[in-house]
Amino acid sequence: MEKRQVAHRQHQISTPDATQARRVSSRLPASLMASVASGLLLSACSWIPGSHLVGISETSAPAGGSIGTVVADEPQAALVGHDVLARGGNAADAATATALALGVTLPSRASFGGGGACLVSRPGEVAQSITFQTRAGTSKGADRPAATPADFRGLYLMQLHYGTVDFNDLIAPALNLASTGITVSRTLAADLAAVRPALLADDGARAIFGRGDASTLVAGDSLAQPRLAGFLERIRVAGVGDLYNGALADVYVTAAQKAGGGLNDDDMRQTLPLQTEALTTRQGGVEASFLAPPADGGLGAAVRYTTGASAQGTVAAWRASGNTSLAAAQAALNSGRSGGGSLPALPASTSFVVTDHSGMAVACVLSDNNLFGTGRIAGSTGVVLGASPARTPQPLLSAAVLRDQRNLRAVIAASGQNEAADAVGDAARAAAHETPIPHEGAGRINAILCQGNDSCRGSTDPRAAGLAAGTTNDSRN
């Protein structure tokens, strides 16, 4: 890739001068300032050739052996990620596409108004932790404070460093799902039922998720989101930076303010992802990597893995200490320090894991900081606004990757609010000792277990309704 192209892609993550950003975005249709969907939606519908993923060579997938595995809480999103692998994308590409699809298929936990973290591991390299935290709005007078949308910059950073496909091509499946419609899954239906009265109190949310009879959509219903499709098309055309520095940022901020969210342009510009080395520990020849702070669920899971101590207690002590650095977290892990504190009720999240034929592994956790965030929609964008992190405790984002002599052993991530980190720690211990992963308590595990890089199987929590999608391309058949 030429230096100019790389610089352009990095520009989508940085915070350039606002005047320059407005000048770049002004070349695109001004009508989006009034409505993201109008005008752009028609081009989106005609552009998408069914579910085909443009830009990925369909002949570049490996001729033999596993093409990789995707395990997620929501089946349609898992299939999107697997399709990327089948068409020759790598684990970072598939993880990006899966996360974007979840913004459409599971907006209760992974809307584009939220944030999250991903753990990326490649053979022979130090695993990396990429955290994309939301920020609290700083405008006064918000009656339902919202978070800034962090997903797009975080996923863009991951895919920039590790992906092989143009980012815009990975938006296409999510755009198609929003435009042509999804089938409401059991996972989304359960979330809708849990917050039905509060969600239907908002006109925008009721128009999307209501059935017209004071009830919400149920499993098996169809759900099309044309405004969300227009939002995704705008990002595909104008770039991720437009959501943070350009005309789309103005649209989003205005819509959030009308919805009582209290966001402003500076809040959007300052929403930046962070990449660091992962927390690591080695026991019995197995190297285990965990998400690093500010995704402190990784520290809790790592201490649970190494000592068996409570992950919740460890995180409670960590948060009370005020420490935020990777060095301090690694030192705490090395010393085996835990804690006996407790955490308040934590926000809901969703997790997924991905591997590819080269041994790359990605584990991600996403959250809206509350089930359906603020319960309100960002106007014509169709995006569910995430809840302000100033009003809710930080979600427990936890994931792990285990390798044995450079061969992949396990990729693990979990949801389950307060018990997610304990579940990851327990699952990692089981994988290291080659015993069955326990499924106890509120933690919900998505995992890929391997015997060598080319022999992996996906595993969803049997109490949930997720999907493990994996395929082997066998050249002998």
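1. Strand S2 (residues 115-121) runs antiparallel to S3, and 5 bridges join the two. Helices (H or I, at least four residues) and strands (E, at least two) are DSSP runs numbered from the N terminus, and two strands pair if DSSP finds at least two bridges between them. Glycine 116 has phenylalanine 132 of S3 as its bridge partner. The hairpin of S2 and S3 has 6 residues between the strands, and glycine 124 there takes a positive phi near 75°.

2. On provenance: this is a predicted model, in which local features need pLDDT of at least 70, side-chain atom pairs count only at pLDDT 80 or more, and totals for chains, interfaces and linings use all residues. Residues are numbered from 1 along each chain as its sequence is written, and side-chain values use heavy atoms, with hydrogens and water left out.

3. Confidence is given as pLDDT, the predictor's confidence in each residue, from 0 to 100. The protein chain averages 87, and 84% of the residues score at least 70. Residues 1-8 stay under 50 and have 2 contacts beyond four places in sequence in the model, a contact being heavy atoms within 4.5 Å. Residues 15-64 also stay under 50, with 100 contacts beyond four places in sequence. Where pLDDT is low, the predicted coordinates should not be read in detail.

4. How many of the 5 residues of strand S3 (residues 128-132) are buried? The count is 5 of the 5, so S3 is largely enclosed by the rest of the structure. Buried means under 20% relative accessible area, exposed over 50%, and partly exposed in between (1.4 Å probe, protein chains only). Gln128, Ile130 and Phe132 point one way from S3, while Ser129 and Thr131 point the other way. S3 also pairs with strand S6 (residues 274-277), in the antiparallel sense over 4 bridges. In that pairing, threonine 131 stands opposite leucine 274 of S6.

5. A further sheet is open and has 6 strands in the order S7-S8-S11-S12-S13-S14, with antiparallel pairing. Strand S7 (279-283) and strand S14 (456-459) stand at its edges with a single partner strand each, so one side of each is left without a neighbour in the sheet. Direction ignored, neighbouring strands of this sheet are turned by 15° against each other on average.

6. Within this sheet, strand S11 (residues 398-404) and strand S12 (residues 407-415) pair in the antiparallel sense over 7 bridges. Valine 401 has valine 411 of S12 as its bridge partner. Helix H19 (residues 420-432) packs on the sheet and touches S11, S12 and strand S13 (444-450); the direction of H19 makes about 160° with that of S12. Axes are lines fitted to C-alpha atoms, for helices over the stretch in contact, and angles run from 0 to 180 degrees between N-to-C directions.

7. The expected span is 1.5 Å times one less than the number of residues. In H7, 11 of the 12 residues are buried, so the helix is largely enclosed by the rest of the structure. Among the buried residues are Asp151, Arg153 and Gln159.

8. Helix H4 (residues 75-86) also has 12 residues and reaches 16 Å from its first C-alpha to its last, close to the expected 16 Å. Buried residues in H4 include Ala77, Val80, His82 and Leu85. Glycine 88, which follows H4, has a positive phi near 105°.

9. The whole structure contains 15 salt bridges, each a side-chain nitrogen of Lys or Arg within 4 Å of a carboxyl oxygen of Asp or Glu. One of them joins aspartate 191 and arginine 109 (2.8 Å, N to O). This pair links distant parts of the chain, with aspartate 191 in helix H9 (residues 186-194) and arginine 109 in helix H6 (residues 107-110), 82 residues apart. Both aspartate 191 and arginine 109 are buried.

10. Arginine 234 and aspartate 242 form a salt bridge, with the closest N and O atoms 2.7 Å apart. Arginine 234 is buried at a relative accessible area of 2%, and aspartate 242 is buried at 5%.

11. Aspartate 266 and arginine 269 meet in a salt bridge at 3.8 Å, N to O. They are separated by about one helical turn because they lie 3 residues apart in helix H15 (residues 265-269). Elsewhere, salt bridges that share partners join Arg304, Asp422 and Asp426 into one network.
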